[in-house]
Amino acid sequence: MDEVIVISDDEGPQKRIKRKHLDPSQPIYDGFVGKTSEITIQELMQQPEKAFMSAFVLDDDWLEEILDWKKLKFPLWIARPKPDDIDASYWQVAPKLCFIFPKMRGFGAMHIKFMIFFFKDRVRVIITSANLIPMDWSLMENAYFVQDFGLGSSETQFQSRLSALLQDMGFPNNHIDSLRNYDFFTHLGHLVISQPGSWKQDKGFDMMQRIVSKMDVQVDRIVYQCSSLGKMSQEWMSDMILAFSGGKTLDLSQMHILYPSKETIEASALGPELGGGHFFMNPSYRNELYDQLLYDIHATKRGGLMHTKLILTCPKPWTYVTTLDQEADGYLYCGSHNFTASAWGKRTKNGRITINNWELGIILKTGQDGIPFELPFEFPSTRNTNPWS
């Protein structure tokens, strides 16, 4: 028999059914956050009927090797940044492989990272910080969320937001419509989306704030771990704290930003050469706000560097934690957003939100009734007085 569960979220208390008709001979992902260094793309992909993928950086030679593009047995669409020498919105690379180039708005990055695999009995949604390069699936620490959804039909905000995002990016409508054949009623998290443009509301940091404000979570401390930092003003920082707290007033002492120091990069197994390719902070951006917020980060993987982008709530006071499954009810964000205005957006004088990047993340409840998660970094950390740049 199907198992009935009750979930309370922005759609209200709902009775949801965990479908039991998925093929038991295949791995079933009920929803969790893992490390890309502990799994391969091939394990997640298996043999789908079709697939959507997206990344900021791609290693074409590596992908061709692991996917065997010319002999693909299923249609595959990959969204990626548009090359300067291509004018079209897509490029049919091989009979079953098509590159898609989402529209940009001046300065910005096509930074969004996800994979969606369609199977006969389910659809698998993966949201990650990892690019489609070998280093992000081996040497670098990256995080991914994965959940399978069985056959069925349900009108949920999760499915409608996902479909609208794929359509805006340029994936084929007839294949996006097939998402209606799957039951998203068991979704464990809430999608938070950024896309280039000027928005009145419900994109970027405004979407984040609306979601957190409707979740039954305790927000006393915020930890933001990222691999890139942007210019920060007091006004923008105030909007970010409101977004991450769900509209709650917190002071700077209640937030830590985890970002590597120069010493951490130089002492890592990858060293400055690879560290410089994945972490960046313009020295001119540094100000008193960063001096108050920045803390060094050390991966639990010896000598490792973090390319993850994680936001989590922490119990009061700051305590050493390695997992989030036994802490007070809070939330975990996993996705592609770095701590920049290009990623989250910034408010203009007329009150609109301007966003430069394509980004995607998922917000999950933690605690006794939430999703368990093992932190990939040591916490708490020490102040970062010499950030890598």
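**Ground rules.** I number residues from 1 along each chain as its sequence is written, and my side-chain values use heavy atoms, with hydrogens and water left out. As the model is predicted, local features need pLDDT of at least 70 and side-chain atom pairs count only at pLDDT 80 or more, while totals for chains, interfaces and linings use all residues.

**Entry 1, the patch.** I found a negative surface patch formed by Asp61, Glu64, Glu65 and Asp68. For such a patch I took residues with over 30% relative accessible area and no salt bridge, like charges being joined within 9 Å; a salt bridge is a side-chain nitrogen of Lys or Arg within 4 Å of a carboxyl oxygen of Asp or Glu. Asp61 sits in helix 2, residues 60-67 (helices are DSSP runs of H or I with at least four residues, strands runs of E with at least two). I call Asp61 exposed because its relative accessibility is 60% (exposed is over 50%, buried under 20%, partly exposed in between, with a 1.4 Å probe and protein chains only).

Next I traced an open, mixed sheet of seven strands in the order 11-20-17-16-13-14-15. Strand 11 (189-194) and strand 15 (294-295) are its edges, each pairing on one side only (pairing takes at least two DSSP bridges between two strands). Strands 13 (221-225) and 14 (255-258) run parallel, joined by four bridges. I looked up Tyr224 too: its bridge partner in strand 14 is Ile257.

Pro172 lies in the loop between helix 3 (157-169) and helix 4 (173-176). Its relative accessible area is 19%, so I list Pro172 as buried. From Pro172 to Trp77 I noted 95 residues in sequence and 8.8 Å in space, C-alpha to C-alpha.

Technical notes. Patches are made of residues with over 30% relative accessible area and no salt bridge: like charges are joined within 9 Å, nonpolar side chains (Val, Leu, Ile, Met, Phe, Trp, Tyr) within 5 Å. Accessible areas come from the Shrake-Rupley method with a 1.4 Å probe; for residues, only the protein chains shown count as cover. Lys and Arg count as positive and Asp and Glu as negative; His and the chain ends are not counted. The place of a charge is taken as NZ of Lys, CZ of Arg, CG of Asp or CD of Glu.
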